[in-house]
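Here is a short report on a two-chain protein model. Please keep the sequence and the 3D view open while reading.

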Amino acid sequence: MAQPLSYLKESPSQTAGPYVHIGLAPGDAGFDIYATELGRDIAGPNAAGARITVTGTVTDGTGAPVKDVLIEVWQANAAGIYPGTGPDAAKVEQGFRGWGRVVPDFDTGQFRFNTVKPGPVMGRNARPMAPHLNLWLVARGLNIGLNTRMYFGDEPAANAADPVLNLIEQAHRRATLIARAEGSTYHFDICLQGDAETVFFDV
Amino acid sequence: MIATDLYQRDRTWHPPALTPDYKTSVARAPRLPLLSLQTSASELTGPTFGHTDIAALDNDLIRNYAHGGDPIGERIIVHGRVLDENARPVPNTLVEIWQANAGGRYRHKKDSYLAPIDPNFGGCGRTLTDANGFYSFRTVKPGAYPWRNWVNNWRPAHIHVSVFGTAFAQRLITQMYFEGDPLIAKCPIVQTIPDPRAIDQLVAALDMNASVPLDAIAYKFDIVLRGTRSTYFENRPEGN
């Protein structure tokens, strides 16, 4: 027998369930309890860069909208610097949280949020990554949160050189991560299952 | 602080995406495999929260939605630590919980279960772990409730738990169950977890030592997030 390895195991995930809003977005559940709900403002008032709107729908394997999804967004600022625990976080504009929570319309399933367009972030081996939003989806029926990224349709050169997009062997699937640009609005639909299935990551 | 890297998530320990006995997973599980990434700044950084984000009563569900009275139910304290896989405490991290009331009814406009709403109970709380990773909540023990999966499925009493850690790739939502609940073994959501030892990790132990005599009974629930790799050999000038 070898010596035992004494690592703990990560707590196993469970679905967030249908009532995730009670805990993480109680205003959407229909009641006010907190003085401040977290995640309502991703960029804050002082953020540099282009103000953008992102909109879309999450659909399931039948094509139906997933109306009870909750999406968290994590992004760098316009200079490509992550706030929070990032190494250069002190350089980020005051009030730029870089993180937000998005709940779709309960009737239509369409989500919409406002932020600023992030700058490129340095990836591994000093290869820059194209501007992107990191997204994390939880919902009833999802046993563990799904990680994906949203890239910008008006950054074709940067996207073509992006080290993560280039890891996707089936080149046509890269398009599932690229939002369609329409002025300052980006349309990004997420498909959990099926022919147009979005690429999800094990990060 | 940026983590050097995180331990790979053990996807055999977590529930898989497709678990047909939990019916909603069938149309919501990706059919194609996840693409594994070596982590970059996008995954190794994460948001931070401070005491200005939360209010004094946010971790006291007995008081934080009281409208002239106390909620009905078994008064409990839920406490524990947030650790990583190296057993290091995770300080100053946001822990959020939500739950049904003592009758199994959620304060949510979509919950139509016939058990009544408690006028003095909201059902959500949040707190930051202290410098040693400890957290605590005071609440009432939630009731079991029925759900439309098979026709006679009942969720065990549970509290939903959301934790951040320091890296966005540590983000975790799970559920806490209560020691001795016979519904745990019958629940298709619990049983999405393939390893019984992993299920045990989600069952909070009755903790008489932390109970307050003549006031509230306690359960202890530790939460483990992904560990950080110490890089012994990598081409980095600053060393380990």
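## Secondary structure

Chain A has three helices and 12 strands. Note that this is a predicted model.

## Chain A: overall form

Chain A has 203 residues and a radius of gyration of 18 Å. A compact globule with 203 residues would come near 17 Å, so the value for chain A agrees with that form. Along the principal axes, the C-alpha atoms of chain A fill a box of roughly 60 × 40 × 40 Å. Of the 203 residues, 60% count as buried.

Chain A carries 16 positive and 21 negative charges.

## Chain B: overall form

Chain B has 240 residues and a radius of gyration of 19 Å. The C-alpha trace of chain B spans about 60 × 40 × 30 Å along its principal axes. Buried residues make up 56% of the 240.

In chain B, 70% of the contacts with a separation of 6 or more are between residues 24 or more positions apart. The accessible surface of chain B comes to about 10700 Å². Carbon and sulfur atoms account for 56% of that surface. There are 25 positive and 24 negative side chains in chain B. The centres of the two sets lie 7 Å apart.

## The interface

The size of an interface is often given as the accessible area lost when the parts come together. Chain A and chain B bury about 7300 Å² between them. Of this, 57% is on carbon and sulfur atoms. On the chain B side, Arg28(B), Leu35(B) and Phe168(B) lose the most area to chain A. Together these three residues give 11% of what that side buries. The contact involves 73 residues from chain A and 88 residues from chain B.

## A loop in chain A

Which loop holds Asn125(A)? Asn125(A) sits between strand 5 (121-122) and strand 6 (128-129) of chain A. Ala126(A) is found in the loop between strand 5 and strand 6 as well.

Asn125(A) is not a glycine, yet its phi is positive, at about 55 degrees. Ala126(A) also has a positive phi, near 60 degrees, in a residue other than glycine. Are these residues buried or exposed? Asn125(A) has a relative accessible area of 71%, so it is exposed. Ala126(A) is at 60% relative accessibility, so Ala126(A) counts as exposed.

## A strand residue in chain B

Leu206(B) belongs to strand 10 (residues 203-206) of chain B. Its relative accessible area is 40%, which means that Leu206(B) is partly exposed. Beyond its neighbours within four places in sequence, Leu206(B) is in contact with Glu179(B), Ile217(B), Ala218(B) and Tyr219(B).

Methods: Residues numbered from 1 in each chain as written. Chains lettered and ligands numbered in written order. Predicted model: local features only at pLDDT ≥ 70, side-chain atom pairs only at ≥ 80, totals over all residues. Heavy atoms only, no water. Helix = DSSP H or I, 4+ residues; strand = E, 2+ residues; numbered from the N terminus. Rg over C-alpha atoms; globule rule 2.2 N^0.38 Å. Buried < 20%, exposed > 50% of the residue type's maximum accessible area, 1.4 Å probe, protein only. Lys, Arg positive; Asp, Glu negative; His and termini not counted. Charge placed at Lys NZ, Arg CZ, Asp CG, Glu CD. Contact = heavy atoms within 4.5 Å. Buried area = accessible area lost by both parts, 1.4 Å probe. Areas by Shrake-Rupley, 256 points an atom, 1.4 Å probe, with all protein chains shown as cover.
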